[in-house]
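Here's a quick tour of the fold, followed by a closer look at a couple of residues. Have the model open while you read.

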Amino acid sequence: MSKRTLAHILLLATALVWGATFTLVKAALADISPLLFNLLRMTLASILLAVINRRHLRRITRPQLVSGALAGLFLGSGYQFQTLGLAHTTAAKCAFITGMLVVLVPVFTLIPAIRPAGTPRPGILSGFGTLLGFAGLVLITTPTGTVLRTFASSVEPGDLIAFAGAVAFAAHLLTLAHASRTMPAGVLATLQVSCATLTMLITLPAEHPHAAFTPPVLLALAVCSLFGTVAAFTIQSFAQQVLPPTHTVLILTFEPVFAWLTSLLFLHEHLDRRALAGAALILAGIAIVELLPNANATEIPA
């Protein structure tokens with residue numbers, strides 16, 4: 001099996017795990033505050049990654065440390081926003097809003113300094129896909145009968161917070177696209193998760209932490225730490241060494257679909273027709289951006 005094939009398979013498994021964790025975390029948040037949950041999750045993952053990659057960590061260079069710290073800052077911010085948003089909206093809506101990162105990545109690559117080497121400039125279809133994604137975001141986050149002048153007041157706070165998380169995750173993915181070329185996957189995973197943990201520790205005073213370590217909380221911490229963080233970010237760091245960022249985000253578009261299915265099966269959370277139409281538009285925008293030939297796109301020499 002080639003590295004590219006293995007990367008695709010492992011990324012799909014990662015999308016499945018990340019999608020399922022929306023439901024696990026949503027259930028756990030009844031017994032633990034969001035930011036404390038994130039801090040515990042990332043602390044456990046940081047310790048495990050440091051133990052696993054301890055030999056390679058002795059040879060870290062300063063540029064690698066800076067790249068890992070930047071990736072960790074965006075990763076930690078993304079999880080803080082996402083989990084706070086999840087506490088105030090449904091798991092399915094939060095997942096689809098987070099999925100907007102796939103549309104945001106091409107928008108960010110319009111800036112030459114941000115665009116990874118070898119990545120094409122976004123073209124007309126990228127713009128059209130972005131508009132579809134935004135239209136879907138409006139439908140999924142606002143109630144029936146909303147008009148443009150009342151849009152800002154009708155969007156739920158949890159939806160806005162989740163969208164801020166999508167922006168941070170898009171920045172994280174693009175940072176990884178640059179950093180993954182300069183260091184081993186295990187080292188990058190350890191650095192970014194450790195720096196994300198520090199970000200979460202600094203921002204913890206934004207809430208009043210509380211926890212009751214019930215079975216749902218312990219299960220969510222175990223799954224999110226071991227599979228959703230240690231395994232997932234090692235896989236993502238490896239995959240971005242052999243795949244372009246557009247391939248990575250395309251596979252990760254399955255994450256909100258898996259999240260919706262698990263929230264429907266286990267939490268019985270339903271999307272109404274308006275929200276389903278919004279989710280469909282978001283997925284359509286993602287598909288246009290990632291699957292169709294990018295009109296007027298120009299390949300940048302590596």
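Going along the sequence, the pattern reads α-α-α-α-α-α-α-α-α-α-α-α-α-α. That's 14 helices and zero strands in the protein chain. Keep in mind that this is a predicted model.

The accessible surface comes to about 13600 Å², and carbon and sulfur atoms hold 73% of that. If you look at contacts with a separation of 6 or more, 90% of them are between residues 24 or more positions apart.

Now for two residues, side by side:

| Residue | Helix | Relative accessibility |
|---|---|---|
| Thr23 | α1 (residues 3-28) | 7% |
| Leu48 | α2 (residues 34-52) | 34% |

Is Thr23 buried or exposed? With a relative accessible area of 7%, Thr23 is buried, because buried means under 20%. Setting aside residues up to four places away in sequence, Thr23 touches Ala91, Ala259, Thr262, Ser263, Phe266 and Leu267.

Leu48 sits in helix α2 and counts as partly exposed, since its relative accessibility is 34%. Which residues does Leu48 contact, leaving aside its neighbours within four places in sequence? Those are Leu226 and Val230. Take Val230: it is 182 residues from Leu48 in sequence, yet their C-alpha atoms are 7.3 Å apart in space.

Terms used. Residues numbered from 1 in each chain as written. Predicted model: local features only at pLDDT ≥ 70, side-chain atom pairs only at ≥ 80, totals over all residues. Heavy atoms only, no water. Helix = DSSP H or I, 4+ residues; strand = E, 2+ residues; numbered from the N terminus. Contact = heavy atoms within 4.5 Å. Areas by Shrake-Rupley, 256 points an atom, 1.4 Å probe, with all protein chains shown as cover. Buried < 20%, exposed > 50% of the residue type's maximum accessible area, 1.4 Å probe, protein only.
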